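Keep the viewer open as you read.

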Amino acid sequence: MKRRTFVFSLPLLALAAGCGDPRSHSHAVYMLVDTSGTYAEEVGKAQAIVNYLLGTLQPGDSLAVARVKSRSFSEKDIIAKATFDNRPSQANAQKRLFAEQIAAFTQVARGSVYTDITGGLIQGAMFLNETGAGKKTILIFSDMQEELDKATMRDFPIDLKDIRVVAVNVVKLKTDNVDPRRYMGRLNSGKSAWSPRARASGA
């Protein structure tokens, strides 16, 4: 009886030993670039961040850069996107083209009237989830001041589960000089604060 039990257990042990980690180890990054109002003047700085990402992302990783404007929940606002090939020569070609597309964008970017950050986050989450990457990041290059027109609906829960959200280049606005609490409130506290909102969305 003991021998039979041992023999039947062998395939199970072999199967367990042969199973690798099923999780994807690739990284997908979705970068939102604010082009609203006077912040459009900061767009040139975003190119340096993109170049850094292009230098650090590995074969199999994905990168997309999209603009934030009056309404941002649209694939049409994606300026460039790529999943980098496992072949170094092909991956390098993809990265060169990506850098060229971003450089061209920074030359023609114009300020929009409103700032739909939420729409961009929703679109970004969809892109990241479609890649199947194990590590997902949204970079927001913005002053984090969302302004919507009356017809745009964004006052509802959004899903950012397992996505890391990072805000960069959060410059001060003229109104922040009058009341510094406005600046801190955009990030950490208050009804429209982004940090607690992102965490509540699963980020």
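## A pair to start from

Let's begin with Val33, which stands opposite Arg67 in β2. The model you are looking at is predicted. The strands β1 and β2 run parallel and are joined by 7 bridges. As for β2 itself, 6 of its 7 residues are buried, so this strand is largely enclosed by the rest of the structure.

## The largest nonpolar core

Val33 also turns up in the largest nonpolar core, a set of 23 residues. Together with Met31, Leu63, Val65 and Phe98, Val33 is among the members that touch the most others. Two or more residues each come from β1 (27-34), α2 (43-56), β2 (62-68), β3 (78-83), α3 (88-108) and β4 (135-141). The largest share belongs to α2, with 5 residues. Apart from this core lies another one of 22 residues, including Ala28, Tyr30, Ala64 and Leu121. As a general background, nonpolar side chains tend to be buried together in soluble globular proteins.

Setting aside neighbours within four places in sequence, Val65 is in contact with Met31, Val33, Val50, Asp77, Ile78, Ile79, Ala80, Phe98 and Ile102.

Next comes α3, a helix of 21 residues. From its first C-alpha to its last, α3 reaches 31 Å, close to the 30 Å expected at 1.5 Å a residue. Which residues of α3 are buried? They are Ala91, Lys95, Phe98, Ile102, Phe105 and Thr106. Viewed down the axis of α3, these buried residues fall within an arc of 95°, so they line one face of the helix. An α-helix has 3.6 residues a turn, so residues three or four places apart point the same way.

What do the buried residues of α3 pack against? Their partners are β1, α2, β2 and β3. On the other side of α3, Ser89, Arg96, Glu100, Gln107 and Val108 are exposed.

## The whole chain

Stepping back, the protein has 7 helices and 5 strands. Along the sequence they follow the pattern α-β-α-β-β-α-α-β-β-α-α-α. Of the 203 residues, 40% count as buried.

If you care about contact order, take the contacts between residues at least 6 apart in sequence: 74% of them join residues at least 24 apart. The accessible surface comes to about 12300 Å², and 55% of that belongs to carbon and sulfur atoms.

Definitions and conventions: Residues numbered from 1 in each chain as written. Predicted model: local features only at pLDDT ≥ 70, side-chain atom pairs only at ≥ 80, totals over all residues. Heavy atoms only, no water. Core = buried A, V, L, I, M, F, W, Y, C linked by side-chain atoms within 4.5 Å. Buried < 20%, exposed > 50% of the residue type's maximum accessible area, 1.4 Å probe, protein only. Helix = DSSP H or I, 4+ residues; strand = E, 2+ residues; numbered from the N terminus. Contact = heavy atoms within 4.5 Å. Expected span 1.5 Å × (residues − 1). Arc of directions from axis to C-beta. Areas by Shrake-Rupley, 256 points an atom, 1.4 Å probe, with all protein chains shown as cover. Pairing = 2+ DSSP bridges.
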